[in-house]
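Me: Hi! Could you walk me through this model, starting with a charged pair?
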Amino acid sequence: ALDELQFAFDQLRPSELTYIQSDDEDITVVISKRSTEQMRSLFRVCESIFLFFLLVFGGSAFANAVYLLAVMPVERMLFIVRKIADDPLTALKVKRSKGDLSIEARMVEGALLRIGQLLQVGFGEAGAAIIARNVKSRGGKINALIPGEKVSAVFGFCDVRKFTAVTEYLQQDVMVFVNVIADIVHTAVARNGGSPNKNIGDAFLLVWKDKDEASNIPGDRALRSFLEAIVDVKRNPYLHEICRRPDLQECLGEDFSVDLGFGLHFGWAIEGAIGSSMKVDASYLSPHVNISSRLEAATKQYGVMILLSGEVMEHVRGVLRFRCRRVDRVTVKGSSTPLDLYTYDVIDPFSMQMAVSLPRMWDYSEEAVLGPPSTEYTSYCVLFNEGVELYIEGEWEGAKRVFEECERLCRVDPPRSVLTSFMAERGWVKPEEWEGYRALTEK
């Protein structure tokens, strides 16, 4: 028994033994604490396991919160910045996330998207390179002055008629008036693959680039944009109410309506930044841009809504081409190159109908404006084109006879009146220096 007790004693660790001695140290009692130590060790193991799982799950929850509240918003914002840098025009197409972002993160992301949208709206397609270069730059200094790029495009100039008189009566409401028209024109242009470039008070510069695509017909898209803008302006209820204001009708007549003039020309231009480090505009520099402005101004002389150059007509296809006719051959101010002038007859004089909903205004429905011409109109254009050919060739007596026949078919035709007046002032005899075109001296 003593041997067994000694063996059990030897199996115990020193930490599991407690020694108690008598006062005279003659007697020593040894007490085993193994069961107590085992229980304490078990508690420590359980405590360690608990702390392990607490750290694992707590760390995971913390990491997830950090990712949602810090890492993911930063990654999202970096994604937006990279998208803007790669293609500045993408800013308007990036959808805002609706996940578990915090209110603060959503506010910052929304602000970043709005900044990108403002950059795109402010600089437009012509300023895409400026935005991309500065967003990609690692430095803190902004450099908006970069070399331009040569592009080929159709340049369109749009002007609001009688704007000065309207401004005097609308006063502060003129801003809404202009912006409603701008929204209609810009939307029609964007819908047809173009891009708005400059807003100059009551005028707008629009651009349709000549892209290397089989389906890309810039002249066709440009002309369709302007025709759709005309239809939408005539349909707009706000502009219709403006036209019915008594003060405007008293000044401009009861048949007053919002009318636009359009000039279209195709050519090259330098696309880039214009200005200084204090103020930059992204636009186009070229004599061809100025020509589109001259053509718009000339619409008032010819009494038409749209004038197109012969260069644009080379890029017009389909049914729209059948309603275009050549009305003159001229040089415009600032250019010595003769231009063939064409107009698109928005109103077919042989199929005009009064619009039921718009008193005193012709039918400007989409079908009437963009539809195929009437048979009578086609016949008239064949005869009219014969007169224009004789006029350009210098056979003015023959042109006179043809235009007189045209007048019997259609009494009112402003472009014909312009040509006949020009020839009548010279006694129907071409000048000695006549080379098949005349100069438009008015801007």
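Reply: Happy to. The side chains of Asp340 and Arg326 meet in a salt bridge, 3.2 Å from N to O; a salt bridge here is a side-chain nitrogen of Lys or Arg within 4 Å of a carboxyl oxygen of Asp or Glu. The pair links distant parts of the chain, with Asp340 in strand β10 (residues 339-344) and Arg326 in strand β9 (residues 324-332), 14 residues apart. Helices (H or I, at least four residues) and strands (E, at least two) are DSSP runs, numbered from the N terminus.

Me: Before we go on, what sort of model is it, and what gets counted?
Reply: This is a predicted model, in which local features need pLDDT of at least 70 and side-chain atom pairs count only at pLDDT 80 or more, while totals for chains, interfaces and linings use all residues. Residues are numbered from 1 along each chain as its sequence is written, and side-chain values use heavy atoms, with hydrogens and water left out.

Me: And what is the mean pLDDT?
Reply: The protein chain has a mean pLDDT of 81, and 77% of its residues reach 70 or more. That score is the predictor's confidence in each residue, from 0 to 100. Over residues 353-361 the pLDDT is below 50, and this stretch has 16 contacts in the model beyond near neighbours in sequence. A contact means heavy atoms within 4.5 Å.

Me: Back to Asp340 and Arg326: buried or exposed?
Reply: Asp340 is buried, because its relative accessible area is 18%. Arg326 counts as buried too, at 15% relative accessibility. The cut-offs are under 20% relative accessible area for buried, over 50% for exposed and partly exposed in between (1.4 Å probe, protein chains only).

Me: Which other residue forms a salt bridge with Arg326?
Reply: Glu389 does, with the closest N and O atoms 2.3 Å apart. This pair also links distant parts of the chain: Glu389 sits in helix α13 (residues 375-393) and Arg326 in strand β9, 63 residues apart. Glu389 is partly exposed, since its relative accessible area is 35%. Arg326, Arg329, Asp340 and Glu389 are linked in a network of salt bridges.

Me: How many salt bridges does the count come to?
Reply: The count comes to 14. One of the pairs is Glu228 with Arg191, where the closest N and O atoms are 3.0 Å apart. Glu228 lies in helix α7 (residues 218-235) and Arg191 in helix α6, so the pair ties together parts that are 37 residues apart in sequence. Glu228 counts as buried at 14% relative accessibility, whereas Arg191 is partly exposed at 47%.

Me: Changing topic: which residues have the most contacts inside the largest nonpolar core?
Reply: Those are Phe177, Leu223 and Ile306, in a core of 52 residues. A nonpolar core is a set of buried Ala, Val, Leu, Ile, Met, Phe, Trp, Tyr and Cys residues joined through side-chain atoms within 4.5 Å. Helix α6 (residues 174-191) gives the most to this core, with ten residues. Apart from this core lies another, of 30 residues, among them Ala298, Val330, Leu383 and Phe384.

Me: What does Leu223 contact?
Reply: Leaving aside neighbours within four places in sequence, Leu223 is in contact with Leu264, Ile306, Leu308, Val316, Leu320, Cys324 and Tyr344.

Me: Which residues form the nonpolar patch on the surface?
Reply: Val45, Ile49, Phe52, Phe53, Val56 and Phe57 form that patch, with about 590 Å² of accessible area together. Nonpolar patches join side chains of Val, Leu, Ile, Met, Phe, Trp and Tyr within 5 Å, from residues with over 30% relative accessible area and no salt bridge; like charges are joined within 9 Å. Areas come from the Shrake-Rupley method with a 1.4 Å probe, and for residues only the protein chains shown count as cover. Ile49 is found in helix α2 (residues 34-86) and counts as partly exposed, at 43% relative accessibility.
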